[in-house]
Amino acid sequence: MNHHKTAPQDIVPLVQKLAFGSGHLANQLFPAALGVFMVVLVMSLGMNPVLAGLLGALPRLLDALTDPIMGFISDNTKSKWGRRKPYILIGSVISGVAYMIMWQLNPEDSEMYNFFYFLIVSLFFYIGYTIFATPLIGLGYEMTPDYNERTRLMAVSQFMGQMAWVIAPWFWVIIYDQSLFESAPEGAKTMAIWVGGLCMVLGILPALFNKEMEVDKSKLKNLSMSELAANTKEFIRGIVLTLQNKQFMKLCGATFFIFNGFQTIAQFSFFIIVYYLFQGDTAAAGSWPAWFGTVSALATMFLVIPVVTKISVKIGKRKAFIVATLLSIVGYILKWWGFDPGNPWLMFMPIPFLSFGIGGLFTLMMSMTADVCDLDELNNGERREGMFGAVYWWMVKLGTALAMLTSGVVLQLVGFDESITVQSADTLTNLRLADIIIPIVAALIAIVLVWRYNITEERAHEIKEALVTRRAEIAIEDENNRKQAS
């Protein structure tokens, strides 16, 4: 394979990579913390798993619906601060504050009171999260035009984002530590303030330190309130053009299935460790669930991301994705022997393989989507990173919403009873089977979808050169028009 050397002007400075990565740490810490905190709803507030699943699903459906709108707004904002950065700043503040408020729940309140309180506040949280995350993703797509530098940028952002998954599992230990808090709900109240505040600070950094691509503002839509209705047709056109991009839809479909499969069973490891390995004794389970999550994140950071980045340069992004996904399937199969009540240490055996699933997915898919944005500009003459980012993450969030709902349904179908400490043998066997089969099926479907993805390094370089030529021609034409007008 012929490789093209990255031009010096296409290299993203380390400071900007770190600032962008800080935003991704906030972007990952919110869902990572939510995954841990949601356990409190079932295990300590006694909420029905289906209701808890609805709390995970319903706000995310709203979040998914608002993503394309936010993408369109971000793509077409005219301001001296840029198209993306003002929203990143505002959104990080809204989502941080809302997260703090969302977890101020009391066990003495009724189940339905806590349900509706959480639901209403989480709607504000997810609106703020959309305002923050959608422009952040679009910003990453436009920071470099180079095929391999995009992967390196996304590798740094994913490396920093994985720190969230190193930290988050320990929230479970802290929240349930009786020497720190008198109850888990009290622990969740306090930890939510720390998490919301940290995410707020980290989320602001890209707005302060990253640079945006210069675009021709004359081509941007007018987003004043009086013109929003008139722009509805353009908004719909933007979504249609995005959905018509076959290469992009392959990436969206693969992401939907892998992330949906992962999220559906994300909480199962906690339940399997506590109820299968330690017979429902949370004190005996101690920090084992936290170590499982932390070691998984560390494996992603120090093994998966460097390996996937390197092999993607050698064999291309599509093949690297397929290899990473197949390795994750091996990890899911090994889970059957890894969860052994006689030897809890075996739970770490599948982790090096498991980590290739999500770690490879987002390192490569973010980079591949940036390549698709160039193809879209070549075909349609517009830069629409915000819309692509919005639609891509719409698929992620739709998958997350369905996964949260499915997760609660699966728990109930396998016979899980939140009101008892010791679950039946059949329940635990069925839960372990679901923990393995669901993500494997999803991963195989994802491989099929990406099999014919065709933007190689060579084609990406050809697209880049064609865009450089076109932009130069447009610049000359605009200059001639200005001279004639004067």
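How many residues of domain 1 are in contact with how many residues of domain 2? I shall answer that after a word on the model.

This is a predicted model, in which local features need pLDDT of at least 70, side-chain atom pairs count only at pLDDT 80 or more, and totals for chains, interfaces and linings use all residues. Residues are numbered from 1 along each chain as its sequence is written, and side-chain values use heavy atoms, with hydrogens and water left out.

Let me begin with the two domains. Domain 1 covers 12-211 and domain 2 covers 234-455, the bounds coming from an automatic or database domain assignment. To answer the opening question, 52 residues of domain 1 are in contact with 60 residues of domain 2, where contact means heavy atoms within 4.5 Å. The centres of the two domains, taken over C-alpha atoms, are separated by 18 Å.

The area buried between domain 1 and domain 2 is about 5,000 Å², and carbon and sulfur atoms give 72% of that area. Buried area here is the accessible area (1.4 Å probe) that two parts lose on being put together, summed over both. Of the area that domain 1 buries against domain 2, Y141, Y147 and W172 supply 14%, more than any other three residues.

Between the domains, eight residue pairs are in polar contact, both residues at pLDDT 80 or more. A polar contact is a pair of N or O atoms within 3.5 Å; within protein, one must be able to donate a hydrogen and the other to accept it, and residues adjacent in sequence count only if both atoms are side-chain atoms.

Which helices supply the side of domain 1 that touches domain 2? At least two residues each come from α1 (14-43), α2 (49-75), α4 (111-141), α5 (147-167) and α6 (169-175). The largest share, 17 residues, comes from α2. Helices are DSSP runs (H or I, at least four residues), numbered from the N terminus.

I turn to individual helices. Helix α14, residues 317-338, has 22 residues and should span 32 Å at 1.5 Å a residue; its end C-alpha atoms are 30 Å apart, which agrees. The expected span is 1.5 Å times one less than the number of residues. Among the buried residues of α14 are K317, F321, I329 and Y332; buried means under 20% relative accessible area, exposed over 50%, and partly exposed in between (1.4 Å probe, protein chains only).

At its start, a side-chain oxygen of N245 reaches to within 3.3 Å of the backbone nitrogen of Q247.

S367 lies in helix α16, residues 356-380, and is buried at 0% relative accessibility. Leaving aside neighbours within four places in sequence, S367 is in contact with Y147, R150, T151, M154 and K317.

N48 sits in the loop between α1 and α2 and is partly exposed, with a relative accessible area of 23%. The side chain of N48 reaches the backbone nitrogen of V50 at 2.8 Å.

Finally, Q279 is in the loop between α11 (268-277) and α12 (282-285). Most residues other than glycine have a negative phi. Q279, although not a glycine, has a positive phi of about 50 degrees.
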